[in-house]
Amino acid sequence: MNEVLDVRPLCWPVQRLGEAMEELARRARLRVATAEGPQVPATLAADGAQEQARWLEWAAHRLGLEAEALDALAPELDSLLRGAAPALLRVGHDAGEGFLLLLKSRGDRVHLVGPDLRIHRVAIAALRRALCAPFEAPFASEVDKLVDAASVPAARQASVRSALLRDRLATQEVASCWMLRLSPARGFWDQLAQDGMRGRVLPIVLVFGVLYGLEVLSWTLIGQGTLHGRVDGGWLVAWTLLVLSLVPLQWLGGWLDARFALDAGRIMKSRLLAGALRSDVEAVRRQGAGELLGRVLESQALESVALNGGFGVLVALLELLFAASILAAGAGGSLHVALLLGWVALTLGLSWRYLGRLRHWTLERLRMTQALVERMVGHRTRLAQEQPARRDHEEDQELGSYLRTSQVMDRAVLPVVGAMPRGWMLVALAGIAPAFVGGTASPADIAIALGGMLLAGRALTGISTGLSALARATVAWQQVSGFFGAGEEGARTPFLPASSSEGQHAHRLVDARELSFRYPAAAKPVLRDVDLAITRGERILLEGSSGGGKSTLAALLTGLRQPASGSLLLAGLDRQTLGQNWHRLAAEAPQFHENHILTGTLGFNLLMGRNWPASEEDLAEARSLCEELGLGDLLERMPAGLAQTVGETGWQLSHGERSRIFLARALLQKAQLTVLDESFAALDPETLGRCLRTAFERAPTLMVIAHP
Ligand SMILES: Nc1ncnc2c1ncn2[C@@H]1O[C@H](COP(=O)(O)OP(=O)(O)OP(=O)(O)O)[C@@H](O)[C@H]1O
């Protein structure tokens, strides 16, 4: 049997993790955003897997990168080692734990950056065996006995043995993996440069330039040959070769162009998605989910249309330049060139008109999507409560108005893409009519003018299609440009280790002075000059009249909203110092109408505040909390337990079940301050008592908002 590879010399210790991540990023040519490397807290090695995972994600963010966590399950380890690089792999060994740096894979080998800063080329099969060995050991004797008992022939024993072991480890996680890549929130130019996009524009322009040059040359050759009576075999062969050489060039241009469009589209899409997910909560709320959805869909149009339109216009402009120079040399001369310029100007004017109509139509469409989504959300209420006769009234009106706007827009696009390219030939013929009728032009001049007219016709078709695509892209851009920049955020938030004493010394957990808050649409502030001090370990009941501002205060304390004035300290630190760490220190179960069960597994819904995929310990903790809250029976009824899909399209949870899941979700965040906003309203007295006791036991400091 092969000797098992010793991974210890290849592993980076936790203390050098910052250096390891920078080294990997540098070697993988990932552009690091800051010169200042991430610092590893002294306690990180002792803090455990979860804290290390949190640090890795923070450190990647700090460098302007993204670390995507993956479970390295034994059966998938092979493909992970082949495809995950650049990645960090957290592995256990005899002397503890360490991190392997996967730089790339080549054939059957993976290149690892060792702590000695050298590249180690290791066979994937050997690394796989080494990582699985500690997990296979407990099953080894059982499997050996099985192989003996089954009297497997000696020649096949090894393969049967490894198949049985693979089967035993089918769901075993043998390592944790973090794939590194450039964050979609980075500057667009950085992203283009990372993928080598900027250098790819010039070859495309060159290929198309050569293509049109050769095309014009081929027609000039054949034209001159014909007109001067020099079409012999040699000329024809030269012409044929020239035309044949255009075919591979056309393929090359098309291929470069399509690849560029595909890659640029991918970057744009991930950037827009990152921006959409980071949109300001208040802005999203004001806009409504429907309009947001419409805008996200608009980004889809932007991706393909902008690039195709952009390239179309670029190529057509090249054609137009050639066509103008040919026309200038032909029978129409400067009159032809002037006509062409006038026709292009008219096409531009009509495209501008189309842009205005398209903008109007898009806004109408977004309004309709918004209304439709709102109606879908309230569908059940409408079915139950709205008068049936009135139900479709508004939809009909909106649809009618939408149809009218569509017709107006269609009427504006037709001249651009239909009439202008076709009309050109008539105008151009009028341009050579004087020379033709007057008999002042030679047949050669007329032939050149005809060639120029045809080329200009093709260019005008390209320009009008390209411009209409660009108009669509411009309108789409106006809708989504907000997302495009929303992802670009600084990575200044410091890392706050769970075991650090930072903030812990402050006896006062919350210290608020003269807090004020006003909703943008409201005339008066909902909170004015609020002073509040909460000491650690306190249990607070917040009561007040409906609309008094309790939920608003909770949103300020948990960092979901920012106060307009006053000072607010959490664990002695302000918002600027804590950054995103605020949410780790203060968690909330928002009111029922503000809280959602997301379509996904029950486990995911409970452990949203922790690293995902969840560890076995996290899942066990979630299970035991569910039992404490009286959800044990529900877990047993669910065939897949915590892996059961819940949400709108999954298992429909009852009101009381949902509110306990919201409660569990908040408690599992293990924040220093937990705020429960009317979390107990749907519970019977016995379950309420049980849930309140659990909250008291689990939350270090608790604020309960309730009505008397
Ligand atoms: N976006 C908004 N624009 C203007 N006013 C708003 C907005 N959102 C909430 N309000 C108002 O702010 C006030 C405080 O709301 P909040 O939800 O904090 O009250 P509450 O004390 O939690 O009420 P309840 O006990 O009924 O849940 C309410 O009068 C509400 O109508």
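I take two residues as in contact if their C-beta atoms, placed from the backbone, lie within 7 Å. I am working on a predicted model, where local features need pLDDT of at least 70, side-chain atom pairs count only at pLDDT 80 or more, and totals for chains, interfaces and linings use all residues. Residues are numbered from 1 along each chain as its sequence is written.

The chain has a mean pLDDT of 84, and 94% of its residues reach 70 or more; pLDDT is the predictor's confidence in each residue, from 0 to 100. For the complex, the predictor gives an ipTM of 0.94 and a pTM of 0.67.

I then looked up Leu89. Leaving out residues up to four places away in sequence, Leu89 touches Ala72, Phe99, Leu100, Leu102, Ala175 and Cys177.

Next, the ligand. I listed the residues around it (C-beta atom, placed from the backbone, within 6 Å). Among them are Tyr519, Val526, Gly547, Gly548, Gly549, Lys550, Ser551 and Thr552. By class, this shell has four nonpolar, seven polar and one charged residues. Ala, Val, Leu, Ile, Met, Phe, Trp, Tyr, Cys and Pro count as nonpolar, Asp, Glu, Lys and Arg as charged, and the others, Gly among them, as polar.

Last, the record. The unreviewed UniProt entry annotates "transmembrane region" at residues 201-222, 234-256, 305-329 and 335-355; such annotations may be inferred rather than shown by experiment. I checked two spans, counting helices as DSSP runs (H or I, at least four residues) and strands likewise (E, at least two). Residues 234-256 are 100% helix and 0% strand, with end C-alpha atoms 33 Å apart. Residues 335-355 are also 100% helix and 0% strand, with end C-alpha atoms 30 Å apart.
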